[in-house]
Amino acid sequence: MDLSEFLRETQSAVKAQMRDGALYEELVFCGIVMEHMSDIGMTFEPVECHFEGKVGNANLRLSGYSISEESDQLDLFVSLYANAEEPTAIPDAETKTAVEQCLRFLTLCAEGKMAPKLDPSSDVRSLAETLQAIYDDLEQIRVYVITDRVAKSKSFKTRDIGGKAVRLEVMDIQRLHRHWSEGKPRDELIVDFKLVCGGPLPCVYVPGESDYDYALTAIPAEALRLLDEQFGARLLEANVRSFLSVKGKGVNAGIQNTLRTAPERFMAYNNGIVIVADKMELDKAGGEGSTGILWLKGLQIVNGGQTTASIYFTKKKFPETDLSRVRVPAKIIVMRDDDSAKEEALVSDISRYANSQNAVRQSDLSANKPFHVEIEKLSRSVFCPDGVGQWFYERAAGSYNTLLTREGTTPARLKALKEAIPTSRRITKTDLAKYITAWDKKPDIVSLGSQKNFDRFMAGLTPADGEEAPLPTVAEYKAMIAKAKIYRDAQKLLRPMFQAFQANVVAYTVSLLSEKLGHRIDLERVWNKQAASPELLAQIAVWAKEVNEVLHASAGGKMVSEWAKRPECKDAVMGASYSVATTNIPEVK
């Protein structure tokens, strides 16, 4: 699928959500992109939060935000949507303007000047107050411009806002295409060691006999700092976690201390980093003609993201830190296999065995678990009641688009494939975990975000004796898809009904539905109809309004998205009084 086709597919997805009741195309597009960035680990759990206006003479603009659980990392998103039907260039001046408008918003929040000018009941007011409260403790801030056009520049020079380094990046349709269609977000990263190190990087090169080659080397810390400054989160897009803070006495604090007080000991103390790359060019290094790495394409850090980010932030926070004597041991693995599923499995295993500093993302390591393998098999063998359509369980990232590329070899075959398995029936591992957890009446866990929810979901699949859970049957698979369909239909229905915190309202409403009627709902009927009935959706809409009122009332001024994560919120919402369900719902036995 080329860029033009991908753009049209994306716009079709936006229009489909518009038909389902969404209010603004720009917000739909922004939500799709933010959710994707969260799925691949580029950001945390994003929240749509639209604001556009003036404070004094300053134009301000914001489309969404994402805050780490420790409240030490912040991502802000600003959307520039043009409803482009063909790849169209966007001038750097336009993206820079959007960046400036978002930075002004951030500055006013940090200074405490934004919140007093906003409606006390608005979600933007809650965000402004939160940003003011956490700003001094933020370790990382990023601003992303999201656009359906093609940007010449994918990043801009880091800015200083109130003593904080703010990284500026662009997620345009071209970059999104690389992520989605190829399943390899790292393709755009090319590192020339002549530029960052002054010459080829000396190494020991070991050609492999199977699906990879590798090289052993030591990378100058200053080179890693420059790479982190240039590429930021993109260095970790195949990684299994984001940068964790250096607070306390953990590993990252130890790295910082070594860099500042004993830089010459860093090589001895540090375990090093593990890098995967798609291609590597070798050359002669040094006067003795030893082997050196000239450049790497598709560079990604799968172990050592903490080390790399700690180097960057230590130098940023303590400019006097001398990195000239610091070398970081590195193992570089060059992939040979073009099969994205096999490659993901290998990267997953590398991450599993190489990472020892902090817990890895469970969803990235679970693709090959028997449960997920079996769900994938069922999705490829079980047909919808029409005998033609199927759901697609995306066990491996990018596998849906790989299917379209490999089997849609002619326009007619591609069209038939998309009709049989449309994107609306594509479901990821974290999607499925969210739907099932909400149906299990755990909306507070769902509200923790996709990764933490997935952690709990996978833990629940493993019995106390450590044995693998029984594999799902065809009937259980159909019931899972029915729950997914109810959740998705509720999501489409409720999105235009609430200005903010729709994700929390949906999770709590589905949990309430399961609590009130779940034991009586005929999931087989939902599977057979491939939809929730209008009567069931009408009941969901009634309860959603009541749930939204309880969520806000019980929050007591706290940001609803944060309050929703707490067990006390679950107790308050699930324990409240609600109207009696109507008696005409066909799914209710």
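This is a predicted model: local features need pLDDT of at least 70, side-chain atom pairs count only at pLDDT 80 or more; totals for chains, interfaces and linings use all residues.

Visitor: Why is lysine 15 called partly exposed?
Guide: Buried means under 20% relative accessible area and exposed means over 50%. Lysine 15 has 28% relative accessibility, so lysine 15 counts as partly exposed. Its place is in helix α1, residues 3-19.

Visitor: Which residues does lysine 15 touch, not counting those up to four places away in sequence?
Guide: Lysine 15 touches Glu25, Asn83 and Glu85.

Visitor: What makes the pairing of the side chains of lysine 15 and asparagine 83 a polar contact?
Guide: A polar contact needs a pair of N or O atoms within 3.5 Å, one able to donate a hydrogen and the other to accept it. The side chains of lysine 15 and asparagine 83 are joined at 3.2 Å. A polar contact of 3.5 Å also joins the side chains of lysine 15 and glutamate 85.

Visitor: Why are α3 and α4 called roughly perpendicular?
Guide: Angles of 65 to 115 degrees count as roughly perpendicular. Helix α3 (residues 92-110) and helix α4 (residues 123-134) pack at about 65°, with their axes 7 Å apart. The two helices are therefore roughly perpendicular to each other, and α3 passes α4 in a right-handed crossing.

Visitor: Which residues make that contact?
Guide: From α3 come Phe105, Leu106, Cys109 and Ala110, and from α4 come Val124, Leu127, Ala128, Leu131 and Gln132.

Visitor: How many residues of each class are in the contact of α3 with α4?
Guide: The contact has eight nonpolar residues, one polar and no charged ones.

Definitions and conventions. Residues are numbered from 1 along each chain as its sequence is written. Side-chain values use heavy atoms; hydrogens and water are left out. Helices (H or I, at least four residues) and strands (E, at least two) are DSSP runs, numbered from the N terminus. Buried means under 20% relative accessible area, exposed over 50%, partly exposed in between (1.4 Å probe, protein chains only). Contact means heavy atoms within 4.5 Å. Axes are lines fitted to C-alpha atoms, for helices over the stretch in contact, and angles run from 0 to 180 degrees between N-to-C directions. Angles under 35 degrees count as roughly parallel, over 145 as roughly antiparallel, 65 to 115 as roughly perpendicular and the rest as oblique. A crossing is left-handed if the near helix is turned anticlockwise from the far one by less than a right angle, and right-handed if clockwise. Ala, Val, Leu, Ile, Met, Phe, Trp, Tyr, Cys and Pro count as nonpolar, Asp, Glu, Lys and Arg as charged, and the others, Gly among them, as polar.
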